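Me: I would like to go through the terms used for this model one by one, asking each time what value stands behind the word.

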Amino acid sequence: MRYADGGGLTAERRAAREGIRLEAGRRFARGDRNSVIAKDLRVSERSVEQWRRNWREGGMEGLKSKGPAKLPKLSDERFAVLEMELAKGPAAHGWEDQRWTLERVRTLIGRQFEVSCSIAGVWRLLHRHGWSWQSPARRALERDEHAVELWKKGRVAAGGSTAAALGAYIVFEDEAGFAMTPPHARTWGRRGQTPVVRVRGRSRRRISIAALCCYRPGERSRLIYRPRFHLLLKGARKSFAWQDYRDLLVRAHLQLGAPIIVVWDNLNTHRAAGLREYAGSHEWLTIIQLPSYSPDLNPVEGIWSWLRRGPMANTAFTDPDHLTRTLRRGLAHIQRHPELIDGYLTETGLTLTPDPPKPIRKGQ
């Protein structure tokens, strides 16, 4: 059991320290000096002096660990019960938002077990059992987790089998818009003085980018994208039309030189009648829809996140051309590093390689 003593030591660390003290006891019996023992064992001479006094009074038994100075207020069995309550979320226990703070965990411990803990004690308890302070992932309330799991087992597996049979690429598509007002990112500054980053505060010029992450086992992963500049003309379209997606898919088919299986979300433009008719009349194109409210299944989302946290973060764009150059440099960097594209797929938890067929036993 990983109990901590008053100093926050686990059983493993207590055992290691006891081994050092016992080694010091053997050196005492040999007549070694305190300074030599402290240097060899890499401890302070003051500690060696205290150990020598304990050794004189109780021998080797006086150097053995007495166990934790104070047992934890929650045993492993009770903490398992606490974890089940924490898994229900703060809303199930009367709090409005979804943040578990040390104060709230302390309150929950008091309600559940009638035990009083300090804030520091709660921190040590959670840290000892593998909990840490993290930024949570966001999920839509409308998301159907059961439908997502069924989609992973059914559609992705079927898409992987079809791609293997046809020698096709599995292509994930998504689009995003970028403006001259960049996203915020953290920066270093003197304590007590808030850093100030000067950026353009107003700009009607935006760029939309549709990107494709292309995967095929045994081949180098590819990134293909197409920008669309927002025109300031009255009545001009500011988003991709279904014809733009069609042209992008044709371009990808020509560059990859193989059939493609496109996986994208349920955007109304993706479900346009003209696009469905085009896919139905061309054998090289297959379309698969992602489940609703599941952007975490699309590896292209990782590209947008990297651009906003990297090249675009806190950037003071001077003009639309500066924004365009920054985006193109960032996308070109990803194109030169296929391991990044593979990493975005790994982050989704999807596997596109179909399971190998089971061997047939004799007599079956």
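This is a predicted model: local features need pLDDT of at least 70, side-chain atom pairs count only at pLDDT 80 or more; totals for chains, interfaces and linings use all residues.

Me: Why are H11 and H12 called roughly perpendicular?

Reply: The axes of helix H11 (residues 320-336) and helix H12 (residues 338-348) cross at roughly 90 degrees and come within 4 Å. Angles of 65 to 115 degrees count as roughly perpendicular, those under 35 as roughly parallel, those over 145 as roughly antiparallel and the rest as oblique, and H11 and H12 are therefore roughly perpendicular to each other. The axes are lines fitted to C-alpha atoms, for helices over the stretch in contact, and the angles run from 0 to 180 degrees between N-to-C directions; helices (H or I, at least four residues) and strands (E, at least two) are DSSP runs, numbered from the N terminus.

Me: Which residues make the contact of H11 with H12?

Reply: His333, Ile334, Gln335 and Arg336 in H11 meet Pro338, Leu340, Ile341 and Tyr344 in H12, where contact means heavy atoms within 4.5 Å. These residues divide into 5 nonpolar, 2 polar and 1 charged, with Ala, Val, Leu, Ile, Met, Phe, Trp, Tyr, Cys and Pro counted as nonpolar, Asp, Glu, Lys and Arg as charged, and the others, Gly among them, as polar.

Me: What makes Thr324 buried or exposed?

Reply: Thr324, which lies in helix H11, has a relative accessible area of 13% and is therefore buried, given that buried means under 20%, exposed over 50% and partly exposed in between (1.4 Å probe, protein chains only). Leaving aside neighbours within four places in sequence, Thr324 is in contact with Ile207 and Phe229.

Me: What do the buried residues of H8 pack against?

Reply: In H8, the residues Asp244, Tyr245, Leu248, Leu249, Ala252, His253 and Leu256 are buried. The buried residues of H8 pack against several elements, including strand E1 (169-179), strand E2 (206-215) and helix H9 (273-280). Just after H8, Gly257 takes a positive phi of about 65 degrees.

Me: Why is the pair Arg26 and Glu23 called a salt bridge?

Reply: The closest N and O atoms of Arg26 and Glu23 are 3.0 Å apart, and a salt bridge is a side-chain nitrogen of Lys or Arg within 4 Å of a carboxyl oxygen of Asp or Glu, so the pair qualifies. Arg26 and Glu23 are 3 residues apart in helix H1 (residues 11-30), and are therefore separated by about one helical turn. Arg26, at 46% relative accessibility, counts as partly exposed, and Glu23, at 27%, is also partly exposed.

Me: How do you know whether Asp32 and Arg27 are buried or exposed?

Reply: Asp32 has a relative accessible area of 18% and is buried, and Arg27, at 8% relative accessibility, likewise counts as buried. Asp32 forms a salt bridge with Arg27, the closest N and O atoms being 2.5 Å apart, and Arg27, Arg30, Asp32 and Asp40 are linked in a network of salt bridges.

Me: How many salt bridges does the structure hold?

Reply: The structure holds 11 salt bridges.

How values were computed. Residues are numbered from 1 along each chain as its sequence is written. Side-chain values use heavy atoms; hydrogens and water are left out.
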